[in-house]
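Please look over the structure shown here before reading the notes that follow.

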Amino acid sequence: MSVEKLRNTPPLVVCITNDVVKDITANGMIALGASPIMSGEKSEAESLMKAAGGLLVNIGTADMKKKDLMHEMIKAANNYNVPVVIDPVGYAASEFRKNLVDELIQSHDIALIKGNAGEIFALAGGTGSSRGVDSTEKTETSEIGEMCFNKLNIPVLVTGETDSFVSGEGTVTMRNGHKMLENITGSGCLLGAVVSAFIAVEDTLQQAVINAVSYFNLCAESAVAELKAPAPGSFRTTLIDHLYLNDDTIFNGQKVFSDAE
Amino acid sequence: MSVEKLRNTPPLVVCITNDVVKDITANGMIALGASPIMSGEKSEAESLMKAAGGLLVNIGTADMKKKDLMHEMIKAANNYNVPVVIDPVGYAASEFRKNLVDELIQSHDIALIKGNAGEIFALAGGTGSSRGVDSTEKTETSEIGEMCFNKLNIPVLVTGETDSFVSGEGTVTMRNGHKMLENITGSGCLLGAVVSAFIAVEDTLQQAVINAVSYFNLCAESAVAELKAPAPGSFRTTLIDHLYLNDDTIFNGQKVFSDAE
Amino acid sequence: MSVEKLRNTPPLVVCITNDVVKDITANGMIALGASPIMSGEKSEAESLMKAAGGLLVNIGTADMKKKDLMHEMIKAANNYNVPVVIDPVGYAASEFRKNLVDELIQSHDIALIKGNAGEIFALAGGTGSSRGVDSTEKTETSEIGEMCFNKLNIPVLVTGETDSFVSGEGTVTMRNGHKMLENITGSGCLLGAVVSAFIAVEDTLQQAVINAVSYFNLCAESAVAELKAPAPGSFRTTLIDHLYLNDDTIFNGQKVFSDAE
């Protein structure tokens with residue numbers, strides 16, 4: 001009853017995210033049933049965190065000013081025990097992004113790192129290029145996630161054709177979704193916000209990640225199924241529709257595999 | 001002939017608005033027939049206000065730099081007699097937003113304040129929480145509007161399930177619209193811009209507000225009527241379509257009630 | 001085989017663009033098959049340009065900080081021989097924008113200037129007002145382009161009902177497209193990015209501009225043809241779809257005329 005719970009008590013999720021995806025992030029979250037709020041002013045950190053159920057920090061299009069904002073927001077989140085999700089967009093694309101993410105991770109308590117295979121591979125110390133903000137899957141997302149978790153000891157969600165969640169409880173791999181998600185900007189960024197929303201209402205981090213990823217990906221599947229000629233413009237519109245129209249019954253199609261299986 | 005007039009002489013409306021809604025604001029305004037322009041540079045204030053028919057200032061995602069920008073833009077607008085609409089998004093969400101709005105209102109001439117019930121309730125000095133940027137309707141929008149007008153003596157538009165406009169000429173309540181508007185981000189922000197556009201072409205503020213709110217809400221109704229399964233992605237797309245496709249004949253469905261009735 | 005080539009080796013295009021159009025720019029570029037990346041941090045310039053195939057600089061909503069960013073990005077682009085496209089959005093709307101564009105053009109090597117008729121007319125030293133960010137076509141785009149090229153000696157693409165490209169090789173006029181493009185925000189801005197992507201994969205600037213403009217405009221035509229009641233919300237969605245769904249066969253409809261004809 002994951003989605004129902006979320007809709008009954010909509011979590012306020014503060015989304016510090018990049019300039020390209022603010023629209024799809026806000027619309028996707030509202031369609032889901034969550035309550036997103038965005039801010040560009042660090043003096044708002046305390047007021048917002050007092051009321052928040054989650055904080056998403058997505059470092060795409062960051063600059064020096066947003067770096068300050070991110071530190072202040074995460075500091076306040078830590079003070080109020082608000083779980084923090086970090087999305088290291090384009091981690092390997094510049095020294096600035098790399099240093100920013102490394103600093104945020106070292107300075108604060110992070111509940112979850114969520115990135116695509118290329119980003120998490122680089123974050124785990126892998127060498128090889130993460131081209132632009134896109135992912136190149138060199139190895140399985142589960143392996144990449146394990147490399148990263150072993151290095152940083154922070155739970156990690158690695159997205160790709162399959163999605164893997166690695167934490168102290170082992171590795172869980174999820175096999176829903178559709179490749180059309182790669183053809184719109186911000187689908188991964190929106191997923192980061194969706195995960196934050198589920199963390200605010202689920203009992204455990206693992207359950208939250210599994211349900212968030214599954215719900216999101218199953219909505220992508222049901223959206224594509226509705227389109228005659230799947231294409232990114234209408235897919236984006238329909239994905240937002242399906243985040244709103246679906247409910248917990250969609251979890252019947254969930255494909256989740258843990259270590260043991 | 002309100003919409004026809006607007007389309008015949010498209011008003012240039014400077015929109016200083018939040019980062020989340022710039023896309024829907026620009027697209028909605030162009031669909032309507034207005035000419036929006038956005039700016040992030042305070043030295044542009046004079047050039048822009050010389051040519052402008054309206055200025056919208058929406059304080060969502062504001063920061064210290066945008067605070068300066070807003071002051072400069074409104075100062076220039078006042079110099080050139082350009083009517084200023086303020087949308088105090090998330091007024092009660094932080095001290096920063098509260099202080100910013102209070103300062104803007106005290107320092108300059110404001111033609112209209114436009115906000116949702118929660119925001120205007122807080123602005124009127126009501127205590128109670130405005131959660132995130134969403135509204136909680138505690139009392140009728142007309143009562144909230146009257147509280148606010150009595151306190152600030154600035155005409156006010158309060159949006160909600162019903163919308164109320166309160167000015168020195170009394171209270172007008174409008175009963176069009178559709179709750180699907182709450183499921184997309186920026187519908188209220190776009191309405192603020194639409195009101196600015198109508199102010200630029202109508203003879204009186206009251207006529208402008210009534211026609212702007214009615215046209216916008218009637219377009220929402222006609223958009224929903226076209227959808228098989230109303231959902232926020234397709235509703236947003238269709239709302240923009242209907243702002244463009246409709247004309248003055250839609251006012252036949254207008255539901256407006258003044259004090260006296 | 002222009003589009004096929006682009007999709008086989010997707011060029012990384014750094015898009016420094018205005019706040020209103022980041023979403024449509026990123027989505028349009030991904031739909032086309034290119035790899036867009038955006039940045040707000042000048043220290044990223046070198047890292048990004050090392051990997052980039054193109055740089056678009058669109059000056060809408062610029063401010064003093066973005067001015068610095070633009071200079072740094074173009075400087076790095078020049079160092080790494082990355083072709084730079086400048087879109088002087090709202091050139092005549094303020095002294096700030098005028099000075100910014102003039103400075104960028106004088107300080108760096110620019111491969112192409114791309115703007116609407118009003119912007120290029122003003123840039124060419126024509127007097128008359130470019131109202132807001134919209135274009136007023138006073139004369140043919142070919143004449144305006146020639147005025148501008150004669151003054152600045154930089155290849156120029158002038159968009160309007162017809163589109164003209166003027167360079168040392170003469171003038172080429174393109175007659176595809178649909179007026180619905182004027183009813184959505186960012187169509188011209190997206191075209192600037194699309195041109196950047198084609199420049200990265202075509203052998204000559206002229207071939208790149210012709211194919212980019214033709215592909216984009218033919219996609220607009222095929223998108224409109226699919227709509228029952230053309231309107232801007234659904235047109236935008238469908239335009240993105242068609243940038244993705246079409247391929248090189250669409251060039252059969254290309255209407256291109258050079259000087260000699």
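At 40% relative accessibility, B:K65 counts as partly exposed, a class that lies between buried (under 20% relative accessible area) and exposed (over 50%), with a 1.4 Å probe and protein chains only. This is a predicted model, in which local features need pLDDT of at least 70 and side-chain atom pairs count only at pLDDT 80 or more, whereas totals for chains, interfaces and linings use all residues. Residues are numbered from 1 along each chain as its sequence is written, chains are lettered from A and ligands numbered from 1 in the order in which they are written, and side-chain values use heavy atoms, with hydrogens and water left out.

**Salt bridges between chains**

- The partner of B:K65 is C:D63, and their side chains meet in a salt bridge of 2.8 Å, N to O, the term being used for a side-chain nitrogen of Lys or Arg within 4 Å of a carboxyl oxygen of Asp or Glu.
- This pair joins two chains, because C:D63 lies in the loop between β3 (54–58) and α4 (64–79) of chain C while B:K65 lies in helix α4 (residues 64–79) of chain B; helices (H or I, at least four residues) and strands (E, at least two) are DSSP runs, numbered from the N terminus.
- In contrast to the partly exposed B:K65, C:D63 is buried, with a relative accessible area of 7%.
- A salt bridge of 2.9 Å, N to O, is also formed by the side chains of C:D23 and A:R236, and this pair crosses between chains, from helix α2 (residues 22–32) of chain C to helix α10 (residues 232–245) of chain A.
- Both C:D23 and A:R236 are buried.

- Over all chains, the count comes to 39 salt bridges.
- One of these joins the side chains of A:K66 and A:D19 at 3.0 Å, N to O.
- A:K66 lies in helix α4 (residues 64–79) of chain A and A:D19 in the loop between β1 (12–16) and α2 (22–32) of chain A, so the pair ties together parts that are 47 residues apart in sequence.
- A:K66 is buried, with a relative accessible area of 16%, whereas A:D19 is partly exposed, with a relative accessible area of 21%.
- A:K66 and A:D19 also belong to a network of salt bridges that links A:D19, A:K22, A:K66, B:D19, B:K22, B:K66, C:D19, C:K22 and C:K66.

**Overall form of chain A**

- Chain A has ten helices and nine strands.
- The radius of gyration of chain A is 17 Å, close to the 18 Å that the globule rule gives for 261 residues, so the chain is as compact as a globular protein of that length; the radius is taken over C-alpha atoms, and the rule is 2.2 Å times the number of residues to the power 0.38.
- Taken along the principal axes, the C-alpha atoms of chain A fill a box of roughly 45 × 40 × 35 Å.
- Buried residues make up 65% of the 261 residues in chain A.
- Of the contacts in chain A with a separation of 6 or more, 70% are between residues 24 or more positions apart, where contact means heavy atoms within 4.5 Å.

**A buried methionine in chain C**

- C:M73 is found in helix α4 of chain C and, at 0% relative accessibility, counts as buried.
- Leaving aside its neighbours within four places in sequence, C:M73 is in contact with residues including C:V14, C:I16, C:A45, C:L48, C:M49 and C:L55.
- Although C:M73 and C:A45 are 28 residues apart in sequence, they are 4.9 Å apart in space, C-alpha to C-alpha.

- B:T61, a residue other than glycine, has a positive phi near 50°; B:T61 lies in the loop between β3 (54–58) and α4 of chain B and is buried, with a relative accessible area of 5%.
- C:N153 has a positive phi of about 60° although it is not a glycine; C:N153 lies in the loop between α7 (141–152) and β6 (156–159) of chain C and is exposed, with a relative accessible area of 59%.
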